[in-house]
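Thank you for letting me take a few minutes of the meeting. Please have a look at the model on the screen before I start to walk through it.

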Amino acid sequence: MYRIGFVGLGRMGSNMAFNINKKYKTFVWNRTVEKCKSHNKEYGTTYIENIIDMPKNTDIIFFCLPTNKEVENIINLIKPYLNENHILIDCTSSDAISQKTIYNELIQNNIYYFDAPVSGGPEKAYNGTLTCMVGGNKEKYSIIEDILKSFSNPIYVGEIGNGCAIKSINNILNVSHLCLASEALQALENYGIDKKIALEVINKSSGRSLSTEERIPIHIMEKKYNYGFTLGLMNKDVRLALKLIKNPIMFSHISSLLKDSMDKYGENADYTEIAKLFFEANN
């Protein structure tokens, strides 16, 4: 039975580690030891105070951190203690090129590395129903697949970096759908049609999306704005996506909309607050 390490106990990582620990002995580390102790008390994981002790206690190490910079810093700290029996899995939404660089450095010592970003938010992380897009060595993927299934529905997407490339495109689609739907609903309300009636029709028609079915009715119309993913992190993923798109046509305005929303509501505000640009501008 593999021993699992999990680095990063934010809103996503905490829930993912909780689910992994149901099937595998899981060691957790966070930059604040209080969060590790709390996770141990609530979920029964084993906490590690010094990150360099992670490799000696584990076989497979997960990362779920804000950006690739934090991941690279942690890997540099533990690299002297890694060997060919370790597998590293990064669930951070990151830059595909950076993931290739990390992979190429680690594989020189026969250490395998996967990019495995997730989609679904804190609720699905808690329920163990995330989508996980996994890039890396196909043969080694068979070793980690069951572990990934403890918190997600994993999909193998090919070579290293592919997972992060897909995740960034997924997220630019996500926030763009939200902006499109918000602008459309506000236009209908300006015309004199109640947003709730319009939404009911759209959700039974071909224009529906996750934004119209979940984000707008649950988080925006109820003014909760608490999906659990910040404007700052969404902006990071959009910038990564635009590196791939390069000459955007349909996506040409999304960066300025995100900037406007962060200027108004702060980068730590929930990403669903971008809809206020459309709904509140008319009030």
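This is a predicted model: local features need pLDDT of at least 70, side-chain atom pairs count only at pLDDT 80 or more; totals for chains, interfaces and linings use all residues.

Lys276 lies over the face of Tyr265, at 4.9 Å from the ring centre, where a charge sits over a ring if NZ of Lys or CZ of Arg is within 6 Å of the ring centre and within 35 degrees of the ring normal. Lys276 also lies over the face of Tyr225, this time 4.6 Å from the ring centre.

Residues are numbered from 1 along each chain as its sequence is written, and side-chain values use heavy atoms, with hydrogens and water left out.

Let me stay with Tyr225, which is found in the loop between helix 10 and helix 11; helices here are DSSP runs of H or I with at least four residues, strands are runs of E with at least two, and both are numbered from the N terminus. Is Tyr225 buried or exposed? At 14% relative accessibility, Tyr225 counts as buried, given that buried means under 20% relative accessible area, exposed over 50%, and partly exposed in between, with a 1.4 Å probe and protein chains only. Most residues other than glycine have a negative phi. Tyr225, however, has a positive phi, near 50 degrees, and Lys223 has a positive one as well, near 55 degrees. Lys223 is placed in the loop between helix 10 (210-220) and helix 11 (231-245), and with 64% relative accessibility Lys223 counts as exposed.

Now to the aromatic pairs. How many does a search of the whole structure find? The search finds 7, where rings of Phe, Tyr and Trp (its six-membered ring) pair if their centres lie within 6.5 Å, and planes under 30 degrees apart count as stacked, over 60 as edge-to-face and the rest as tilted. One of these is the stacked pair of Phe18 and Tyr126, at 5.2 Å centre to centre and with 20 degrees between the planes. Because Phe18 lies in helix 1 (residues 11-20) and Tyr126 in helix 6 (residues 121-127), this pair ties together parts that are 108 residues apart in sequence. Phe18 is buried at 15% relative accessibility, whereas Tyr126 is partly exposed at 42%.

Phe62 and Phe151 form an edge-to-face pair, 5.8 Å centre to centre with 80 degrees between the planes. Phe62 is in strand 4 (residues 60-63) and Phe151 in the loop between helix 7 (138-148) and strand 9 (152-158), 89 residues apart. Both Phe62 and Phe151 are buried, and together with Phe6 they form one aromatic cluster.

Back in helix 1 we also find Asn15, which is buried, with a relative accessible area of 10%. Leaving aside neighbours within four places in sequence, Asn15 is in contact (heavy atoms within 4.5 Å) with Tyr43, Pro122, Ala125 and Tyr126.

Finally, a pair of helices: helix 8 (residues 162-191) and helix 12 (residues 254-265) pack at an angle of about 75 degrees, with their axes 11 Å apart. That makes helix 8 roughly perpendicular to helix 12, since angles of 65 to 115 degrees count as roughly perpendicular, under 35 as roughly parallel, over 145 as roughly antiparallel and the rest as oblique. Axes are lines fitted to C-alpha atoms, for helices over the stretch in contact, and angles run from 0 to 180 degrees between N-to-C directions. Ile172, Val175, Ser176 and Cys179 in helix 8 meet Ile254, Leu257 and Leu258 in helix 12.
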